[in-house]
Amino acid sequence: MAYSAKARGLFAEDIQAIKDKGIYKEKRFICSPQNAEIEVEYPEGAPKKKVLNFCANNYLGLSNHPEIVKAAHEGLDERGFGMSSVRFICGTQDIHRELQDKVSEFLGMEDTLLFPSCMDANSGVFESILGPEDVILADRLIHASLIDGIKLCSAQYDTFKHMNMKHLEKKLELHQDKRHILVVTDGVFSMDGDLAPLDEMCDLCDKYSAMILVDESHASGFIGKTGRGTHEHFNCIDQVDLITTTFGKGLGGASGGCVSGKKELIELCRQNARPYLFSNSMAPPIVNASIRVMDLVTKDTELRDKLEWNAAYFRKGVEEAGLCVRPGNTPIVPVMLYNAKLANDMSRDMYAEGIYVIGFFFPVVPSGAARIRVQLSAAHTREHIDKAVAAFKKVGEKYGILGLDKKGIIDKYGM
Amino acid sequence: MAEEMKDMVLEYVIDEYVDEDDEIEVGFETPLISSGIVDSFSMVSLKVFLEKKCHVSLPDKEATPEAFDTVNKICELVRRFQD
């Protein structure tokens, strides 16, 4: 047997090292559909517990929305379970084309290409369009999948300080000798919930003849006055060249992703992107349900308006309770704790209070910036949010952090 | 000469990786990678800077997060490949 006792022992040591660093990811089981109210088995083997979910990417509350579930059923009945093929062989149905067209229309882009996930879209887009004569300039806090995609590409790359436009301009000047320059950013950064200043970035790109790609995974469907995204919020839709986004968050919550943008760039992705060429198509039930999602978010702004209200209501509640909250105006609300153990302990106590939230700390966020990241959903009711705020107040009081600012919390608990 | 290089690298690291509102003091022995001041993704800017300024080629297998963890270690690495 190739998997020897020695090999097993060495792998076990690797796992123990992860545990020793305090970054071991424990198993948590959801025993109900994804929603604002869920049943959780945690730790593994423990009795199921009903909790309110404040850590899902279920921004618009569509993960278990009756119309979306119905559309998935219809997709299953009318187009079957799976495609058993990559897109370009025999894995593209008419509904894949329909979804691509609806996404292009919604985002205000020329063309769209579906991928099995946004992780795949981000893995494939750079290698498809750029080469060694080109350079990618990336914000330092972009999503890990963009970093992986950039590293898979033969283009040179450089980085600029997070949302620092002076630094970006310096890098744009530095790389003027390259054939193509592609600036890369998240629209909404998932850990801080801050919005990239896309209007300024697009103006700089125009000034220095650079293209721009925006990952809108935490924005599509709800940022901007009609939910088109960060480019709508900053009124620069026509200046954005490429958008990558997901159907796994606000736009449904199942899976799938896409690249949307200038038609030549999308065509190159269709010809070259390895995750498109070598991975199965999005399954028909999910495609059909995603079409219904696009219809829902195009029809009116009811869900994104409710989400906006919920986020503002929660933010006001925890701020008034005396917690230290990172400023912002997105459904991602980081309750700042700075100390990793405090973030861990508080999230455990919040769970005991029936609120499911997770503590984040280095290396997921910068050292000394530990927090509990709260994510609001349109599925939350006012009562859900009141309960979450009350729990934060109770747990915050237990740890003596109410009314303390960053310095106060660090003085008390350290970084 | 060695001191000049250390000063130059330290100045670059502060300018490139520290924000004006960061409450961080960076010196020759300050951990850069293991403390999170510089992450492995943005380390590439530093490598390109060193190669250009010090007229040296640093093989990827040598330009590791460990070798880039302090200004002193970075300068040691550069000197090794200058020799």
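I began with A:Ile15, which is partly exposed at a relative accessible area of 41% (buried is under 20%, exposed over 50%, partly exposed in between, with a 1.4 Å probe and protein chains only). This is a predicted model, in which local features need pLDDT of at least 70 and side-chain atom pairs count only at pLDDT 80 or more, while totals for chains, interfaces and linings use all residues. Residues are numbered from 1 along each chain as its sequence is written, chains are lettered from A and ligands numbered from 1 in the order in which they are written, and side-chain values use heavy atoms, with hydrogens and water left out.

I placed A:Ile15 in helix α1 (residues 5-20) of chain A; helices (H or I, at least four residues) and strands (E, at least two) are DSSP runs numbered from the N terminus. Together with A:Ile18 and A:Tyr24, A:Ile15 makes a nonpolar surface patch of about 260 Å². Patch residues have over 30% relative accessible area and no salt bridge, with like charges joined within 9 Å and nonpolar side chains (Val, Leu, Ile, Met, Phe, Trp, Tyr) within 5 Å; areas are Shrake-Rupley values.

**Salt bridges**

I next looked up salt bridges (a side-chain nitrogen of Lys or Arg within 4 Å of a carboxyl oxygen of Asp or Glu), and the count over all chains is 33. B:Glu16 pairs with A:Lys171, their closest N and O atoms lying 2.5 Å apart. This pair joins two chains, because B:Glu16 sits in helix α1 (residues 2-17) of chain B and A:Lys171 in helix α7 (residues 165-174) of chain A. I noted that B:Glu16 and A:Lys171 are both buried.

In chain A I found A:Glu320 bridged to A:Lys316, with 3.4 Å between the closest N and O atoms. The two residues are four apart in helix α13 (residues 302-321), so about one helical turn separates them. A:Glu320 is exposed at 60% relative accessible area, whereas A:Lys316 is partly exposed at 48%.

A:Asp300 and A:Lys299 also meet in a salt bridge, at 3.7 Å from N to O; A:Asp300 is partly exposed at 31%, and A:Lys299 is exposed at 59%. I also recorded a network of salt bridges that links A:Lys341, A:Asp345, A:Arg348, A:Asp349 and A:Lys398.

**Buried spots**

Which residues of helix α10 (residues 263-272) of chain A are buried? I listed A:Leu265, A:Ile266 and A:Cys269. Seen down the helix axis, they fall within an arc of 100 degrees, so they line one face of α10(A); the arc is taken over the directions from the axis to the C-beta atoms. These residues pack against several elements of chain A, including β4 (111-115), α5 (118-129) and α11 (274-277).

I then turned to A:His380, in the loop between β14 (370-375) and α15 (382-398) of chain A, which counts as buried at 0% relative accessibility. Apart from neighbours within four places in sequence, its contacts (heavy atoms within 4.5 Å) include A:Asn53, A:Phe54, A:Lys306 and A:Gln375.

**Cysteines**

How many disulfides are there over all chains? The count is zero, where a disulfide is a pair of cysteine sulfur atoms within 2.5 Å. For A:Cys55, the nearest cysteine sulfur is that of A:Cys31, 14 Å away. For A:Cys118, it is that of A:Cys258, 7.2 Å away, and A:Cys118 counts as buried at 7% relative accessibility.

Technical notes. Areas by Shrake-Rupley, 256 points an atom, 1.4 Å probe, with all protein chains shown as cover.
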